[in-house]
Every structure is written in C-alpha cells, then in structure tokens.
Amino acid sequence: ADVCGRDFLFIESGVAKREGATGYLSQDPRADNIPDDTNCLSHVLSGRGLDEAANRIEKLRLAMEEDASDKNIERFSKAQEQFEMDGGYAAESEVRRLVDGLGLRSDRLDLTLGALSGGERRRLELARILFAGSDLLLLDEPTNHLDADARDWLLKFLRNYRGALLVISHDLDLLDEAITRVIHLDREEEDAVGEIVEYKGTYSKYLVSRERDEERIAKLAVRQAAEITRLSTLADSMRGQTAKRARVAKNLDARTERLKAVQVEGPAKRRTLELRFPEPPSCGRTVLTASELWKSYGALDVFSDITFDVGRGERLLIMGFNGAGKTTLLKILADRLDADLGTVEYGLNVSVGYYAQEHEGIVAGRSLLDHMREESNLGDQGLRSLMGMFGLSGDKAHQDASTLSGGEKTKLALAQ
C-alpha cells in the first residue's frame, strides 16, 4: 500500500547503525537541493570525491603556471599522482560506460543538472550511486524512468552486486531476481503503528508465505473472538448469584482480559480502486491540432516541424529515447510551455487534463482539496468523493500535498 510508510519512517526509539559507505536513491533527486548549475559529470564524480580532487588539481595547475617554483611544481605533481592512484583519470570513461548502460547519452554529462529531464536526472543520480561503489545501496523505485534495455542492464548489475541492497519497488522482475529477503511493513491505516515481518526468499515466495500467514492469522482471530465471547457470556451468567459463582465470574473476567491482551486482528480486506469519472462535455471531431512545432534550448534543437492532429476517441503514443523531447512536446500541447515556432489549437469545447512526470503541479503548503479545486468546480463533496476513489479520504484531504508519498502524489495527480 502507498500509506504504509516505506518511503519515510518516524523513529521514536531504536538505533539505525550503518557500516561502510551508503548510497541512497530517492524517488525525487530534486529534493536533494543540489544546485541546477552543477555540471553532470562533476556530480557523478562526486560519488567518490573525485570532483573536489579534480578542482584542486586545476587550481594547482593555474598556480604553477603563474609561479613555476619548486614548491608549486611538487604540490601539483603529488596531487596528480594521488589522483591517478585513486583512479581519477580512468573515472570519466567508467562514468560514461555507466550512464550508457542506464540509457543516458554520454553527451548529457557535459550539461548542467537543470538541463536534464526528470527521467535523465534520476538516471544520473543512479549512475552516481553505482559509481561510488557503496557497501550498502538504499534504492527507492530504481527502475522508474528506465526503458527496457536500461532496466535489463540494471537488473544484471544488481544480480552481480556483492554489497547489501535494500530496495522499494513495484518491478516484479527486480524483486524476484535481485533480492533474498522481503521486509513486510504491515500498516493498514494512517494512524496505525506499523509492524515489520520478515520473509526469506524472493518476492514470489513471499506472496505464497504471506497468503499462508494471513489465512493462519484470520483463523486465529476467529478462534480468539469466539473464546472471548464465550467466556464473557459465561461470566455474565454467574454475576449477582452466590459468592462462589461471583469468584468464578471474576476468574473468567481475568481470563478474558488476558486473551484480549494478546488478541490479533484478522488481515484487513485488500483495497481496490473503483473509479467512476464524470462524463466529459461533448466536443468537436478534432480535439487537438499541432502545426509545425519547433523547440530549441540554446544551440540544441530538441525537435522541429512537428505536425499532427488527434481525433475524438483516438489514442496516440509518443515514443522516443530519453532526452528526445517527449516531455517537452507534451508540455507544449498542455500549454505548460511555449514552442519557439508553430501553433497548438484545441477543438470546440475541449478541456485538457495533464499528468506531469515529476508532479511539478503539486505545490508545497497547499492541501489536496486546494489542488482539486483548481481543476474543477464540482464542489467539495464531489471532489472528496473523487479523491476517495483513489484512496485519498478523510483528514488527508486537508493535508499538505507536498508531504504525500510518491504513490499518493501520483494518485492526486490522476484525480486532478
């Protein structure tokens, strides 16, 4: 479930002890607050601290050119030797092999972080973590934004990885090929206290074991409830009679309380989404027309002369390599970004719904209900009903949308 607290844990007690280097991939690397003007290659090299070493060598080189003293030459030579011993000169080719395996064109390394798309930014962060050679990898949805080839490359890498791996994922192949244990965080409700149960084996083996456990717990819950009811009824029948029966009733009450103290609850019914969307207004036969669209970033032409139309009821798929401009095109069609040349026209009575890859439409400090009000005049009751179909119900409607988990942000964006 998306509310069980996998992405963040509120720790009231206990100790988390880590030995060796740790690599952490979050769902949204932009939350790491790394400046957008950071060079991509330098960012990956920072995984081993080689970016600072390279900058130091450059400063020593400039100092040596200004003053070729024995001291400056010796300092430059020592720094250069240490950089070579640390694998600095071979590092760039290693980085380029890594990003190529993850489906990121190597020429993107010459750009700054701010020039990358959301998918590219996440691949770069994954490359930095893998390049660092950590003893422990904490990966939150690592196959998000990966195409088939890059995903296969990552699966192969993780199969051969000799360190410890802790992963959150919905990718069943990854869960079966790269893990040896499953940690089940059982927390069905927002205000519930989570309980961790460990299962050995792959995800497929976990599913079998978990189903058996749920069947066993359900039967135990029924037996306990029946016994508590039996003892309570028997105790009630003996009250107000003889002193001996009163003592028996008191003993039965004590047994009932002991049973209640260890009473288990049967597994909660699995929630499913049942979506019923409002009927859209009728519109013209052609819902969208794009004519001679052209978009560039500086000297880079992302795409040019894009012309097509979409008819009512048609389904079009936009395909292309990462960085080809798919998200840019979609933003232009959704009127979130201006094209350099060309036009986009909507048909008669057409309203547009736009789902953003990186949830950039979700604003910190605004509630879920506030976000829904921006998209519809359905009324609060109707909007809350719509959110409820996505499992966003109760007090969550008034929660700050930026505090949602990645899965919950997806549900909110789809509800909008």
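At what angle do helix α8 and helix α9 pack, and how far apart are their axes? The legends below start with that pair and then visit other parts of this predicted model.

**Figure 1. Helix α8 packed with helix α9.** Here is the reply to the opening question: α8 (residues 203-238) and α9 (residues 243-261) pack at about 160°, and their axes are 8 Å apart. That angle makes α8 roughly antiparallel to α9, since anything over 145 degrees counts as such. In passing α9, α8 makes a left-handed crossing. If you follow the contact along α8, you will meet Glu 227, Ile 228, Arg 230, Leu 231, Ser 232, Leu 234, Ala 235 and Met 238. From α9 come Arg 245, Ala 246, Val 248, Ala 249, Leu 252, Asp 253, Arg 255, Thr 256, Leu 259 and Lys 260. By residue type, the contact of α8 with α9 holds 10 nonpolar, two polar and six charged residues.

**Figure 2. Helix α2 packed with helix α3.** Helix α2 covers residues 50-66 and helix α3 covers residues 70-85; their packing angle is about 155°, with 9 Å between the axes. The two helices are therefore roughly antiparallel to each other, and α2 passes α3 in a left-handed crossing. On the α2 side, look for Leu 50, Ala 53, Ala 54, Arg 56, Ile 57, Leu 60, Arg 61, Ala 63 and Met 64. Their partners on α3 are Asn 72, Ile 73, Arg 75, Phe 76, Ala 79, Gln 80 and Phe 83. Sorted by type, the residues of the contact of α2 with α3 are 11 nonpolar, two polar and three charged.

**Figure 3. Glu 141 in a loop.** Glu 141 sits in the loop between β2 (136-140) and α6 (148-160). Is this charged residue buried or exposed? Glu 141 has a relative accessible area of 6%, so it counts as buried, the limit being under 20%. Setting aside neighbours within four places in sequence, Glu 141 is in contact with Gln 27, Arg 122, Ile 168, Ser 169 and His 170. Take a look at Ile 168 in this view: Glu 141 and Ile 168 are 27 residues apart in sequence, while their C-alpha atoms are 5.5 Å apart in space.

**Figure 4. His 371 in helix α11.** His 371 belongs to α11, which covers residues 368-375. With a relative accessible area of 0%, His 371 is buried. Beyond its neighbours within four places in sequence, His 371 has contacts with Gly 361, Ile 362, Val 363, Arg 366, Ala 401, Leu 412 and Gln 416.

**Figure 5. The buried residues of helix α13.** Which residues are buried in α13 (residues 406-415)? They are Gly 406, Gly 407, Glu 408, Leu 412, Ala 413 and Ala 415. These buried residues pack against α11 and α12 (380-389).

Figure 6. Stepping back, the C-alpha trace spans about 105 × 70 × 35 Å along its principal axes. The radius of gyration is 29 Å, whereas a compact globule of 416 residues would have one near 22 Å. Of the 416 residues, 32% count as buried. Among contacts between residues at least 6 apart in sequence, 63% join residues at least 24 apart.

Technical notes
Residues numbered from 1 in each chain as written. Predicted model: local features only at pLDDT ≥ 70, side-chain atom pairs only at ≥ 80, totals over all residues. Heavy atoms only, no water. Axes fitted to C-alpha atoms, helices over the stretch in contact; angles between N-to-C directions. Helix = DSSP H or I, 4+ residues; strand = E, 2+ residues; numbered from the N terminus. Parallel < 35°, antiparallel > 145°, perpendicular 65-115°, else oblique. Left-handed = near helix turned anticlockwise from the far one by under 90°. Contact = heavy atoms within 4.5 Å. Nonpolar A, V, L, I, M, F, W, Y, C, P; charged D, E, K, R; others polar. Buried < 20%, exposed > 50% of the residue type's maximum accessible area, 1.4 Å probe, protein only. Rg over C-alpha atoms; globule rule 2.2 N^0.38 Å.
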